[in-house]
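The following exercises are to be worked from the coordinates of a predicted model. Each task is followed by a solution in steps.

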Amino acid sequence: MGKMQKLVTLLLIHSFLNSDAQLISTGLTAVYEHKLQKVKLKWNHNDNRAMAYILQRSRDKNAWIDIYHVFISSPREYKFISYTDEQPDTGKNYYRLKVQ
């Protein structure tokens, strides 16, 4: 018998408030690779005040878990940042970025 495929739905929250309560638009995008059952996420680093990004995932938009942290040491070196979620949940997956 073949490997059972997951049914995955991606839902994005495109921007997130930073610690100063300022809205930052990140252009967060996601692509689900059905054969590999992975989600590739990518966003813009377009605010030099951002020192770090924390990518979070939720099944219900209430309980969020951190799945990736990236710290920006030299802001000019980063234009796009990407991450592959190797284990998305079956069903709905909500993603958001926390900017610090």
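**Exercise 1.** Determine whether V99 is buried or exposed, and place V99 in the fold.

*Solution.* Step 1: the relative accessible area of V99 is 2%. Step 2: a residue counts as buried under 20%, so V99 is buried. Step 3: V99 belongs to strand β9, which covers residues 91-99. Step 4: between the C-alpha atoms of V99 and A52 the distance is 6.0 Å, although 47 residues separate the two in sequence.

**Exercise 2.** Classify the aromatic pair formed by Y68 and Y83, and state which strands hold the two residues.

*Solution.* Step 1: the structure contains 3 aromatic pairs. Step 2: for Y68 and Y83, the ring centres are 4.5 Å apart and the planes make an angle of 25°. Step 3: planes under 30 degrees apart count as stacked, so this pair is stacked. Step 4: Y68 is in strand β7 (residues 64-71) and Y83 in strand β8 (residues 80-85), so the contact ties together parts 15 residues apart in sequence. Step 5: Y68 has a relative accessible area of 23% and is therefore partly exposed. Step 6: ring pairs join W43, Y53, Y68 and Y83 in a cluster.

Conventions:
Residues numbered from 1 in each chain as written. Predicted model: local features only at pLDDT ≥ 70, side-chain atom pairs only at ≥ 80, totals over all residues. Heavy atoms only, no water. Phe/Tyr/Trp six-rings, centres within 6.5 Å; stacked < 30°, edge-to-face > 60°. Helix = DSSP H or I, 4+ residues; strand = E, 2+ residues; numbered from the N terminus. Buried < 20%, exposed > 50% of the residue type's maximum accessible area, 1.4 Å probe, protein only.
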